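Subject: Handover of a structure and the findings on it

Dear colleague,

Please find below the structure that I am passing on to you.

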Protein chains: 2
Amino acid sequence: MRKHGRFTIPIQADFMEETKELIRRWGADAVRNSDGTELAESVQALHPAKIYAAYFVARGYNEFARTHPAERQRIFLMSARHTAVGAQLSFPIMEGYFESQLEPDYDWDPEHNWEVRDRTQGASVSNEYVHIDRNAGTVTIQKAVPGHVYTLSFPAFINWDPTQMYNYITNNWQGREKDIPFDVHGEMSWAFMKTALSHWLAQNPHVDVVRFTTFFYHFTLVYDKCRREKYVDWLGYGGAVSPAALVGFEKEYGYKLTPEDFVDEGYYNNSFRPPRKQYLDYMEYIQKYVSDRAAQLVEMVHQDGKEAMMFLGDNWIGAEPYGKYFADIGLDAVVGSVNSGVTLRMIADIPHVKYTEARFLPYFFPDSFYPGGQPEIEARENWLAARRAILRSPVSRIGYGGYLSLAAEFPAFVKCVEEIADEFREILDTIVGQSPYAPITVGVLNCWGELRSWQGYIAAHGMVYKQTYSYLGVLEALSGMAVQVRFLRFSDVAENGVPEDIDVIINAGDAGTAFSGGACWNNEALLSGLRMWVWQGGGFIGIGEPSAYPSQGRYFQLSDVLGVEQERGFTVNEDKYRTEVTEGHFITADVTETLNFGECKNNVYAITDDCEILEYSNGEVHLSAHGYGRGRGVYIAGLPHSSQNTRLLLRSIYYAAGKENQLHIFYAENPCCEVHGYRSCGKYALVNNSMESCFTRFWDGIGAEHMVQLAPGELRWLEAKS
Amino acid sequence: MRKHGRFTIPIQADFMEETKELIRRWGADAVRNSDGTELAESVQALHPAKIYAAYFVARGYNEFARTHPAERQRIFLMSARHTAVGAQLSFPIMEGYFESQLEPDYDWDPEHNWEVRDRTQGASVSNEYVHIDRNAGTVTIQKAVPGHVYTLSFPAFINWDPTQMYNYITNNWQGREKDIPFDVHGEMSWAFMKTALSHWLAQNPHVDVVRFTTFFYHFTLVYDKCRREKYVDWLGYGGAVSPAALVGFEKEYGYKLTPEDFVDEGYYNNSFRPPRKQYLDYMEYIQKYVSDRAAQLVEMVHQDGKEAMMFLGDNWIGAEPYGKYFADIGLDAVVGSVNSGVTLRMIADIPHVKYTEARFLPYFFPDSFYPGGQPEIEARENWLAARRAILRSPVSRIGYGGYLSLAAEFPAFVKCVEEIADEFREILDTIVGQSPYAPITVGVLNCWGELRSWQGYIAAHGMVYKQTYSYLGVLEALSGMAVQVRFLRFSDVAENGVPEDIDVIINAGDAGTAFSGGACWNNEALLSGLRMWVWQGGGFIGIGEPSAYPSQGRYFQLSDVLGVEQERGFTVNEDKYRTEVTEGHFITADVTETLNFGECKNNVYAITDDCEILEYSNGEVHLSAHGYGRGRGVYIAGLPHSSQNTRLLLRSIYYAAGKENQLHIFYAENPCCEVHGYRSCGKYALVNNSMESCFTRFWDGIGAEHMVQLAPGELRWLEAKS
């Protein structure tokens with residue numbers, strides 16, 4: 001087993017001797033500078049295989065930015081909502097916003113780009129009744145209707161790069177400059193970006209890998225007057241607007257975008273909104289533009305004999321790794337932060353790059369590395385979550401970030417990382433080039449499809465919300481499950497049917513969101529296509545409020561498939577007698593703890609006698625299964641992440657696919673344990689995903705039964721009999 | 001104090017001697033036959049002031065009904081939903097229905113009245129593709145679209161009166177006839193009804209009060225193939241259709257109704273559905289027709305020197321006591337079953353009658369009167385609930401039903417009823433003609449308004465559902481609260497503004513229902529009118545999902561008034577920092593137990609810093625208050641019935657009205673206790689609504705503070721100082 005390689009270590013100045021020892025122990029073959037640290041000049045003395053250097057394209061050159069204020073980046077904002085109580089209404093434009101970050105752009109075509117909307121009528125207010133006072137920073141509306149609510153949409157300059165602002169405020173930096181982001185759509189900015197990169201390349205011959213952090217546009221991140229996050233959308237294109245972009249868009253798409261197309265009633269097209277055509281078009285326009293420009297920078301890097309790596313975060317907007325134009329950029333690698341199986345897969349599954357790299361948690365920062373702290377626990381938990389996913393789809397490399405000197409003070413942590421690095425290398429030595437055993441293909445169906453592979457239910461990256469954890473558990477379960485996973489879009493399925501390789505479709509989300517589907521379900525082609533597909537043998541798993549759209553007597557449009565429907569107050573008058581739970585069912589066979597459906601959905605009830613209710617409490621169904629022709633439907637109220645819920649989903653998938661008799665191949669009975677089989681190399685991995693010792697029955701690749709005791713977190717390789 | 005009167009006792013044959021004693025003890029001045037018992041011939045020997053006799057207008061004459069099958073009553077039904085999986089779809093018409101109750105009417109204009117609908121397209125299927133097989137009882141659809149869901153709407157005869165069917169099946173009657181209801185719209189039926197009544201009056205000279213049970217059309221009650229309730233709507237007009245009615249309707253309203261107007265996607269226009277114009281028109285048509293015909297019967301009763309009393313239940317459809325045409329009937333009295341303060345008020349507040357009567361629970365039936373049972377507990381609880389309401393708006397009389405001989409076997413119960421009867425008479429002797437102290441007028445705002453006074457959230461009469469108990473608590477609280485209560489309709493408020501006497505408006509219900517309002521909130525006149533009304537000093541209390549309608553960036557359309565909004569998955573990206581609870585608030589001052597919001601609504605959050613959060617748990621707001629101009633908004637997530645919640649609502653009302661400083665008049669601190677003041681007679685009642693002894697501070701009519709100990713359920717009269 002290789003004790004070296006596939007590992008990137010952060011370095012810092014004045015720590016070179018100790019760094020050497022850690023490089024040896026962790027087997028690091030690449031070094032990088034962390035955010036906030038500079039690459040030490042002596043780094044070459046470490047003789048790493050590769051040296052990474054972070055590179056910022058659109059910020060960090062404040063002299064240029066200050067002298068080209070018209071090419072600052074912009075965003076459309078919506079003011080606070082105000083109710084008129086008389087015929088005149090006046091309010092501050094920037095109320096609630098952080099004025100160090102944002103500044104109204106008064107001069108960009110105000111006739112078109114400054115828009116007062118009557119939110120009670122849902123209509124635009126003529127500008128003849130609107131007066132903007134630049135000095136006072138107020139808007140005044142004449143002939144307002146008392147009792148109507150008004151907002152002002154307006155463009156604003158982004159005067160402070162959101163990530164630098166976040167670090168600045170969080171770390172209470174003093175005396176540093178605030179990075180002003182400039183816009184690639186600006187002619188001078190674009191010329192400057194190329195020149196600056198060229199210059200930087202010339203000055204950094206020792207660098208092997210240019211780690212773009214990232215390209216041109218930051219995800220939407222807006223602060224409030226208290227210097228706190230006010231609105232965040234890790235996937236949002238809000239900060240990618242400019243006069244040139246809107247002109248370019250109109251030229252290409254033949255229509256003009258309005259402020260409301262960006263403001264979107266104040267929801268700003270966040271990814272929970274079923275996307276409208278205007279936003280999809282704009283995303284595509286930006287993707288094409290960003291890919292074209294990024295490709296030119298990458299080409300410069302390649303010309304210089306270096307590799308180009310993209311950080312999946314910060315200014316990544318438009319460089320969609322699962323988008324149509326990503327291949328055009330020509331990147332060598334992508335690196336991203338990993339705190340779960342889902343985020344691991346989000347990196348590992350990216351196509352069109354030579355390698356991928358996961359930056360693991362914890363960061364070597366004082367919030368985890370404090371006197372008496374045990375950062376090795378977080379590191380181990382993070383590893384176990386990521387390992388499940390790696391065993392299905394490995395990243396090429398791993399690494400850590402932060403202050404190495406801080407990590408070095410925690411010997412147990414240093415040892416833990418050594419073990420993780422070795423185990424990672426062993427896994428990759430074994431499985432690279434192998435196809436893990438995955439007898440079922442699952443399609444996750446929503447409004448976004450492949451573009452948002454492993455990116456569902458995200459507001460801020462890596463954050464879990466009350467509204468999302470019950471669905472994130474679905475993706476987390478799938479990230480390390482012995483199935484193939486694809487992401488499907490309603491419109492594709494409606495037009496082209498369910499792809500042939502799909503065995504089971506999952507639709508999981510709150511009613512009305514892009515993940516459940518909302519009005520997308522008002523589509524007879526989608527409905528009849530899915531029904532017939534299930535009828536002929538497919539499996540459909542609905543989680544939360546699947547296929548929810550009120551129409552023609554049903555809320556769950558696929559209630560005939562699922563066998564359940566949600567009471568929305570209109571069927572109180574119907575008697576609901578079906579409450580009996582089917583015991584000893586295949587799906588619940590491994591359940592040992594109380595079932596937990598998270599923020600489960602209320603008032604779901606069985607609508608047919610042949611619906612198998614698997615959990616019934618509080619007067620409602622939370623888990624059920626239903627035969628539908630040769631196929632099956634399964635309903636789950638919610639699926640927070642846990643070993644038991646992961647197992648529940650796995651069994652639901654097998655049941656929905658009608659493949660119950662194939663379950664006991666590469667299978668462990670204990671839900672904390674899993675088996676990953678690699679037939680082509682004749683090996684399989686028995687893993688204990690928990691921090692406890694586990695005893696379990698398991699079945700090998702020919703279905704023979706064995707017993708095993710696994711240590712906490714153990715991964716054990718066995719030879720498969722074929 | 002009178003020890004006699006205002007009390008109706010059920011009698012039965014072969015129990016006359018014992019009855020006399022009970023008449024004396026309970027002070028009964030009227031006797032009645034209960035369902036299932038005949039008036040004993042010897043009844044006159046009891047020398048009651050009045051003899052009531054139940055009279056059935058539209059059933060109980062099976063020879064007539066059998067010989068006039070075309071005039072049986074009818075209902076439009078929707079078949080089970082079926083998904084086509086090929087080009088032909090065939091299914092049984094009556095699948096799931098109870099065939100002893102219902103029978104397809106194949107001959108009533110099948111071209112128009114039998115309709116196959118494609119529920120996936122939301123369209124009617126041409127009859128050329130539909131074949132009905134009467135012998136097989138099936139429908140076959142040709143050229144069906146695979147994967148589409150189909151239903152058949154069809155008219156059916158009601159061959160069994162639903163109430164008699166219920167009693168028959170519940171009591172397992174053997175050998176009795178099944179009552180066939182006949183239709184007042186039929187010419188021969190109407191003639192027969194008059195003749196039969198005339199004949200009956202002639203044969204029953206000893207009867208003083210004809211208790212109509214009731215008139216012509218039963219509320220919607222449909223049984224399933226297992227002889228169980230399948231669909232029930234105590235307010236439903238489904239069973240009031242006939243060829244003559246639809247012809248009459250078209251003539252009067254100028255348009256033709258379709259089966260779908262009745263079937264309503266299978267929701268059958270239940271009262272949770274925001275009513276559509278067609279249904280409102282039809283209700284009005286039936287009300288006019290029923291009132292006209294009922295008036296003629298009542299006139300016959302009056303001509304015979306008797307009183308006419310209506311039972312509010314069973315066949316009461318069209319005889320809406322709060323409708324526009326009720327006065328025309330000319331009734332003397334209404335009697336109804338009472339199991340709560342709400343049902344008491346539903347009877348007591350009925351206008352245009354000389355007196356009202358409450359039939360209390362428990363019925364003298366074996367389910368309450370079994371060996372070892374304590375029916376007096378149920379009687380006492382029922383009385384305490386009703387008494388609160390009586391102290392605000394008294395019924396004129398009370399009574400019980402069932403088998404008197406059964407009740408007589410329970411001496412504790414007999415004594416309890418004696419005490420209730422005496423207390424009732426004492427209350428009425430004191431307060432009749434007085435206006436109870438009620439310094440605030442509350443308007444309950446929904447789609448139904450006055451027509452459904454005290455009739456919100458009802459599926460089956462007196463039944464509480466998971467979907468309704470959190471709102472029924474609002475009405476139950478109001479039924480005995482020291483406020484005036486009015487019921488308002490969205491359309492009236494939108495057109496005419498808030499009536500001048502209203503201090504506080506309550507909107508309480510699940511999103512989309514007629515009680516919350518659904519699309520009614522998509523009305524700028526309603527919204528701006530309410531906002532300005534609150535701004536100028538009004539109070540708005542939203543409960544559950546008030547003003548919920550997704551539009552222009554808000555779900556709660558009056559979120560600016562309430563200061564809270566509901567997260568529906570589109571504002572996950574917004575940071576929500578407002579979680580701090582305002583302690584020591586006026587609204588929560590009397591809270592002693594854990595707050596209980598019932599089926600509370602998820603994900604409500606404060607949207608403004610001046611929103612006073614009064615309860616925050618599970619990451620969401622369940623109780624809050626918000627100043628809005630000179631008025632106020634209050635949000636409550638749900639309000640199941642309890643003393644504490646009743647107090648919470650009372651204080652919310654005072655707070656919303658800005659009348660906090662007037663609370664301590666006729667007020668008791670302990671939420672189990674209340675004070676009802678009657679200034680004009682100089683008295684007030686201190687009541688303990690609980691079955692426990694209570695100690696409380698209280699304030700008299702001039703706001704002077706006292707202390708008192710009240711026995712369980714005690715009512716104590718005190719002299720008011722003025």
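Predicted model: local features only at pLDDT ≥ 70, side-chain atom pairs only at ≥ 80, totals over all residues.

Residues are numbered from 1 along each chain as its sequence is written, and chains are lettered from A and ligands numbered from 1 in the order in which they are written.

**The two chains**

Chain B is superposed on chain A by a rotation of 180 degrees with 0.1 Å of shift along the axis, at an RMSD of 0.1 Å; the superposition is by least squares on the C-alpha atoms of residues with pLDDT of at least 70 in both copies. This is the relation of a two-fold axis. In chain B, the C-alpha nearest that axis belongs to N602(B), at 5.1 Å from it. Both copies use the same surface, since 100% of the contact residues of chain B recur in chain A.

Between the chains, 57 residues of chain B are in contact with 57 residues of chain A, contact meaning that the C-beta atoms of two residues, placed from the backbone, lie within 7 Å. On the side of chain B that touches chain A, the elements giving two or more residues are β15 (229-233) and α16 (524-535) of chain B. Helices (H or I, at least four residues) and strands (E, at least two) are DSSP runs, numbered from the N terminus. The most is given by α16(B), with 7 residues. By class, this side of chain B has 16 nonpolar, 23 polar and 18 charged residues. Here Ala, Val, Leu, Ile, Met, Phe, Trp, Tyr, Cys and Pro count as nonpolar, Asp, Glu, Lys and Arg as charged, and the others, Gly among them, as polar.

**Sheets in chain A**

In chain A, a closed barrel of 8 strands runs β1-β2-β3-β13-β16-β17-β18-β19, with parallel pairing; two strands pair if DSSP finds at least two bridges between them. Within chain A, strand β2 (residues 30-33) and strand β3 (residues 50-55) run parallel and are joined by 2 bridges. V31(A) stands opposite I51(A) in β3(A).

An open sheet of 3 strands in chain A has the order β6-β11-β10 and antiparallel pairing. Its edge strands, each pairing on one side only, are β6 (89-92) and β10 (130-133) of chain A. Neighbouring strands of this sheet are turned by 15 degrees against each other on average, direction ignored. Strand β11 (residues 138-141) of chain A pairs with β10(A) in the antiparallel sense over 4 bridges. T140(A) in β11(A) is the bridge partner of H131(A).

**Helix packing**

In chain B, helix α11 (residues 375-390) packs against helix α13 (residues 411-431) at an angle of about 10 degrees, with the axes 9 Å apart. Axes are lines fitted to C-alpha atoms, for helices over the stretch in contact, and angles run from 0 to 180 degrees between N-to-C directions. α11(B) is therefore roughly parallel to α13(B); angles under 35 degrees count as roughly parallel, over 145 as roughly antiparallel, 65 to 115 as roughly perpendicular and the rest as oblique. The contact of α11(B) with α13(B) has 10 nonpolar, no polar and 2 charged residues.

Helix α10 (residues 341-348) of chain B packs against α11(B) at an angle of about 45 degrees, with the axes 8 Å apart, so α10(B) and α11(B) are oblique to each other.

In chain A, helix α14 (residues 469-479) and helix α18 (residues 643-656) pack at an angle of about 75 degrees, with their axes 9 Å apart. α14(A) is thus roughly perpendicular to α18(A). G473(A), V474(A) and A477(A) of α14(A) make this contact with N645(A), T646(A) and L649(A) of α18(A).

**Backbone details**

The peptide bond from L361(A) to P362(A) is cis, with omega near 0 degrees. P362(A) is in the loop between β18 (355-360) and α11 (375-390) of chain A.

Yours sincerely
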